[in-house]
Amino acid sequence: MKIEDYVKETPKKMKEILQGADELFSEVRQQKFSKIIVTGSGTSYHSGIQSLKLMQHFLDIEVTILYPFQIDQETFPADSSDILLIGISQGGSSYSTYKAMKIAKEAGCRIASMAGTENALIDEISDYVLTVNCGEEKVGAKTKGFYATKLNLTLFTLQLARESGKLSLNEYLEEVKAIEKYINHFPFIYEQSINWVSTNKTEFASAKDIRVIGTKDIYGDTLESALKLLETMRIPVTGYEFEEFVHGIYNAIKEDSTIIILDTGEEARVKTLVTVLSEWTKNIYIIGKNTADKPQNLKADFLNHPFYRTYEYILPIQLICALVPPLNGIDPGTPKDTSFHQKLASKKI
Ligand SMILES: O=P(O)(O)OC[C@H]1O[C@](O)(CO)[C@@H](O)[C@@H]1O
């Protein structure tokens with residue numbers, strides 16, 4: 001299967017994950033935690049970053065997202081028995097995540113794992129196995145798993161909030177309904193995104209480097225956009241939150257720079273930024289609901305819910321990753337070196 005096939009089956013898998021939530025979280029939702037730490041590398045870390053605000057909003061406790069390398073004994077200076085550490089690895093076998101989970105376990109934390117496969121390495125040290133039931137994704141650059149992991153974190157949060165009374169049953173069902181709306185709407189955004197990518201594919205294929213700019217509400221998606229574009233197009237790509245970009249990154253923009261802006265409508269200065277940047281480069285692409293109607297922009301029928309828009313803005317980017325690299329002779333689903341993780345001892349093969 002190719003990347004676009006996995007993207008396409010995303011709504012079906014999301015529906016299944018929704019249906020399985022009551023059972024999957026039945027044990028963990030009854031527990032009390034004073035703090036939650038989420039850890040994972042790359043796309044898995046981005047799922048955490050993107051879910052952070054939602055988790056804080058519904059759980060009303062401290063939530064921290066850390067890269068595995070940031071976790072050591074000093075992360076847990078006091079009694080940690082009320083801390084839940086969630087380790088995420090879509091492939092389930094990243095040693096970095098596993099090692100961080102082990103340190104947390106030895107410090108007395110309770111441990112949950114979210115792997116995209118069953119019987120994963122990271123499940124071995126978990127008290128709560130919270131498998132991301134999105135089915136296999138046998139390409140290096142994961143897309144379906146990103147939606148599914150964010151949904152798993154969301155449902156974990158909503159179930160915990162429901163159980164502790166922070167959310168009534170009705171409020172819980174309202175949230176589920178809002179997510180279902182996204183699942184049903186997914187094919188429309190998919191179609192609009194495919195059309196936009198095919199209109200601009202030649203220009204994307206000749207991009208020398210790309211800067212992705214996103215607002216704070218989709219910071220995780222902004223980082224993920226940059227990672228996935230870089231991983232598949234194999235050119236320099238970086239992603240910044242709007243304010244951080246304005247802070248100094250703009251200095252690097254020149255004639256052959258390509259800029260993609262994820263415009264959720266939360267930032268009033270996007271238009272001004274585009275006017276200023278247009279003096280230096282013509283290669284500016286805006287993805288948004290109310291963006292100017294022109295071929296370079298994707299003006300899509302986004303639903304734009306503050307928490308669940310995360311299921312739509314990333315989609316056009318993933319389709320660039322799926323469809324543009326082949327124009328340059330790159331198979332985006334196959335890593336550049338298929339035995340890389342073996343050589344680096346970074347994943348259990
Ligand atoms: O199994 P893990 O640790 O989540 O790693 C898989 C992820 O790593 C990446 O290859 C790069 O960070 C992602 O594209 C992929 O989804």
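Reader: What makes Cys321 too far from the closest cysteine sulfur for a bond?

Author: In this predicted model, the sulfur of Cys321 is 17 Å from the closest cysteine sulfur, in Cys134. A disulfide needs a pair of cysteine sulfur atoms within 2.5 Å, so a separation of 17 Å is too far for a bond.

Reader: How many disulfides does that rule give, and where does it leave Cys134?

Author: The count comes to 0 disulfides. Cys134 is in no disulfide, the nearest cysteine sulfur being that of Cys321.

Reader: How do you know to what extent α10 is enclosed by the rest of the structure?

Author: By its residues: 9 of the 10 in α10 are buried, so the helix is largely enclosed by the rest of the structure. Among the buried ones are Pro316, Gln318, Leu319 and Cys321.

Reader: What makes the packing of α7 and α10 parallel or antiparallel?

Author: Helix α7, residues 219–233, packs with helix α10, residues 314–323, at an angle of about 10°. Their axes are 9 Å apart. Angles under 35 degrees count as roughly parallel, which makes α7 roughly parallel to α10.

Reader: Which residues make the contact?

Author: From α7 come Asp221, Glu224, Ser225, Lys228, Leu229, Thr232 and Met233. Helix α10 contributes Ile314, Ile317, Ile320 and Cys321. By class, the contact of α7 with α10 has 6 nonpolar, 2 polar and 3 charged residues.

Reader: Why is Thr272 not simply called buried or exposed?

Author: Thr272 has a relative accessible area of 48%. Buried requires under 20% and exposed over 50%, so Thr272 falls in between and is partly exposed. Thr272 sits in helix α9, residues 270–277. Its C-alpha atom is separated by 16 Å from that of Ile249, 23 residues apart along the chain.

Reader: What does the UniProt annotation "domain: SIS" cover?

Author: According to the unreviewed UniProt entry, the annotation covers residues 24–166. In the model, the end C-alpha atoms of this span lie 20 Å apart. The span is 36% helix and 17% strand.

Note on methods
Residues numbered from 1 in each chain as written. Predicted model: local features only at pLDDT ≥ 70, side-chain atom pairs only at ≥ 80, totals over all residues. Heavy atoms only, no water. Axes fitted to C-alpha atoms, helices over the stretch in contact; angles between N-to-C directions. Helix = DSSP H or I, 4+ residues; strand = E, 2+ residues; numbered from the N terminus. Parallel < 35°, antiparallel > 145°, perpendicular 65-115°, else oblique. Contact = heavy atoms within 4.5 Å. Nonpolar A, V, L, I, M, F, W, Y, C, P; charged D, E, K, R; others polar. UniProt positions renumbered as here; feature names shortened; annotations may be inferred. Buried < 20%, exposed > 50% of the residue type's maximum accessible area, 1.4 Å probe, protein only.
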